[in-house]
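Subject: Structure handover

Hello,

Here is the structure for you to look over. My notes on what turned up follow below it.

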Amino acid sequence: MPKKWVVNASPIISLTKINKASFLIELCDELLIPKGVAEEIDRGAEDDPARVWLQQFAGAYIKDVGSIDAVISAWDLGRGETEVINWAFTNPGWTPVLDDRAARNCVHSLNRRVFGTIGILIMAKKQQKIEAINPLLIQLDQIGFRISRDLFDTAADLAGEKGI
């Protein structure tokens, strides 16, 4: 089954800060970045890594996702999260890629699968795109990505490593 991802701002921002945004293109078969997500990132500083990546490498993946289903809008999430979830909800086979807890809860309530930044790193390790996940998890922590000790250890374990 093809991997089709619709991605929110947080994974783009986090992965660009650790120089691994290429995984968004390399690890899936189809990538979609909702227009609302792109506009959110584009409001950043001119030299913001996510903004630069979006302008240089991701323009072809940006799409207007259309109207929002009332079931999704009722969650009152941000525009980006709403557009990501709506696309995945109304287009079978697409997986939302987001990190926000409330947005993930919305996806789970719809009985859909969700993926996030750490899941992308685990996949990259399993596909041998990286040698080790622990240094990247540490980098995420250093840039302000919230990662609990339990999540760090679970991610390391799923990637076939021991937590530190």
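Start with the largest pocket. Its lining takes in 31 residues, and Asp 99, Arg 104, Phe 145, Arg 146 and Leu 151 lie nearest its centre. The space in the largest pocket comes to about 800 Å³. Sorted by class, its lining holds 13 nonpolar residues, nine polar and nine charged. Do keep in mind that this is a predicted model.

β1 covers residues 4-7.

Two strands pair with β1. One is β2 (residues 30-34), parallel to β1 and joined to it over three bridges. Here Trp 5 has Leu 31 as its bridge partner, and Val 6 stands opposite Leu 32. The other is β4 (residues 94-97), also in the parallel sense, over four bridges. Val 7 has Val 97 as its bridge partner there.

β2 has a further partner. Two bridges join β2 to β3 (residues 62-63), and the two strands run parallel. Ile 33 in that pairing has Ile 62 as its bridge partner. How enclosed is β2 by the rest of the structure? Largely, because four of its five residues are buried.

Now the aromatic side chains. How many aromatic pairs does a search of the whole structure find? Two.

The pair of Trp 5 and Phe 115 has ring centres 5.5 Å apart. The planes sit at 40 degrees. An edge-to-face pair needs over 60 degrees and a stacked one under 30, so this pair counts as tilted. Trp 5 belongs to β1, while Phe 115 sits in the loop between α7 and α8. The pair therefore ties together parts that are 110 residues apart in sequence. Both partners are buried: Trp 5 has a relative accessible area of 2%, and Phe 115 has 11%.

Trp 87 and Trp 94 make up the other pair. Their rings are 5.9 Å apart, centre to centre, with 80 degrees between the planes, and the pair is edge-to-face. Trp 87 is at 12% relative accessibility. Trp 94 is at 12% as well. The cut-off for buried is under 20%, so Trp 87 counts as buried, and so does Trp 94.

Last, the cysteines. A disulfide is a covalent bond between the sulfur atoms of two cysteines. How many disulfides are there here? The count comes to zero. For a pair to count, the sulfur atoms must lie within 2.5 Å. As for burial, Cys 28 has a relative accessible area of 9% and is buried. Cys 106 is buried too, with a relative accessible area of 0%.

Best wishes

Note on methods:
Residues numbered from 1 in each chain as written. Predicted model: local features only at pLDDT ≥ 70, side-chain atom pairs only at ≥ 80, totals over all residues. Heavy atoms only, no water. 1 Å grid on protein atoms, 1.4 Å probe; cavity = no way out; pocket = protein on both sides within 12 Å on 5 of 7 lines; lining within 4 Å. Points joined across faces, edges and corners; volume = space filled by probe spheres on them. Nonpolar A, V, L, I, M, F, W, Y, C, P; charged D, E, K, R; others polar. Phe/Tyr/Trp six-rings, centres within 6.5 Å; stacked < 30°, edge-to-face > 60°. Buried < 20%, exposed > 50% of the residue type's maximum accessible area, 1.4 Å probe, protein only. Pairing = 2+ DSSP bridges.
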